[in-house]
Amino acid sequence: MADDGPAEEYPTEIEENLNDFDSSLSSVQNMVQTLVSVSRSDNLLKLDPLDRAKLDLMSAYALNSMFWMYLVTQGVNPKDHAIKQELDRIRTYMNKVKEITDKRKAARLDKDAASRFVRNALWDAEDKKRKDSAEHPHRGKHIRFS
């Protein structure tokens, strides 16, 4: 019985969930250590303003999400805590950044190319006659020899 000490502390049906949680927590810890080990100012200098906003929002969301998890582990309902409003506020800004990114990726109309397509696609008989007569001035004229 003394050898089974750790297995007796929690129900066996949640063992898989605890193992998944432990591996996820280790993964988060490795990511946070990587973020903290690199100088933030060096990273920010390499990014354009939109990417800086994405990085800041991601960092704020991750930090607040971890605080949400902390509250859950302490038995506090995070839905009744101010952290919920903060996460909603961050999500709103994340959606705004996503809209800006989507607008940048949207196809743009090249007006000059579009006008050339339309001009060439519309066939006009008068234009065709003028073009043919300019290219072949003697076409359609018969010369008689007597």
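Modeller: To begin with a term, helices (H or I, at least four residues) and strands (E, at least two) are DSSP runs, numbered from the N terminus. This is a predicted model, in which local features need pLDDT of at least 70 and side-chain atom pairs count only at pLDDT 80 or more, while totals for chains, interfaces and linings use all residues. Residues are numbered from 1 along each chain as its sequence is written, and side-chain values use heavy atoms, with hydrogens and water left out.

Colleague: How many salt bridges are there in the whole structure?

Modeller: The search finds 5 salt bridges. The term stands for a side-chain nitrogen of Lys or Arg within 4 Å of a carboxyl oxygen of Asp or Glu.

Colleague: Where in the chain are Arg-89 and Glu-86, and how many residues apart?

Modeller: Both belong to helix α5, 3 residues apart, so about one helical turn separates Arg-89 from Glu-86. Their side chains form a salt bridge with an N to O distance of 2.7 Å. Arg-89 is partly exposed at a relative accessible area of 42%, and Glu-86 is partly exposed at 26%. By the cut-offs, buried is under 20% relative accessible area, exposed is over 50%, and partly exposed lies in between (1.4 Å probe, protein chains only).

Colleague: And what do the side chains of Arg-91 and Asp-88 do?

Modeller: They meet in a salt bridge of 2.8 Å, N to O. Arg-91 and Asp-88 also lie in helix α5, 3 residues apart, so they are separated by about one helical turn. Arg-91 is partly exposed, with a relative accessible area of 36%, and Asp-88 is partly exposed as well, at 30%. Lys-84 joins Asp-88 and Arg-91 in a network of salt bridges.

Colleague: Which pair links distant parts of the chain?

Modeller: Asp-48 and Arg-104 form a salt bridge through their side chains, at 3.6 Å from N to O. That pair links distant parts of the chain, 56 residues apart: Asp-48 sits in the loop between α3 (40-46) and α4 (49-73), and Arg-104 in helix α5 (residues 83-105). Asp-48 is partly exposed, with 31% relative accessible area.

Colleague: Changing topic to α4, how many residues has it, and what does it span?

Modeller: Helix α4 has 25 residues and covers 36 Å from its first C-alpha to its last, close to the 36 Å expected at 1.5 Å a residue. The expected span is 1.5 Å times one less than the number of residues.

Colleague: Which residues of α4 are buried, and what follows the helix?

Modeller: Leu-50, Leu-55, Leu-57, Asn-64, Ser-65 and Leu-71 are the buried residues of α4. Gly-75 follows the helix, and its phi is positive, near 85 degrees.

Colleague: Last topic, the surface: which residues make the nonpolar patch?

Modeller: Val-28, Val-32, Leu-35, Val-36, Met-58, Leu-63, Met-66 and Met-69 make a nonpolar surface patch of about 690 Å². Helices α2 (15-37) and α4 are the elements that give two or more residues to this patch. Patches are made of residues with over 30% relative accessible area and no salt bridge; nonpolar side chains (Val, Leu, Ile, Met, Phe, Trp, Tyr) are joined within 5 Å, and like charges within 9 Å. Areas come from the Shrake-Rupley method with a 1.4 Å probe, and for residues only the protein chains shown count as cover.

Colleague: Where is Val-32, and is it buried or partly exposed?

Modeller: Val-32 lies in helix α2 and is partly exposed, with a relative accessible area of 34%.
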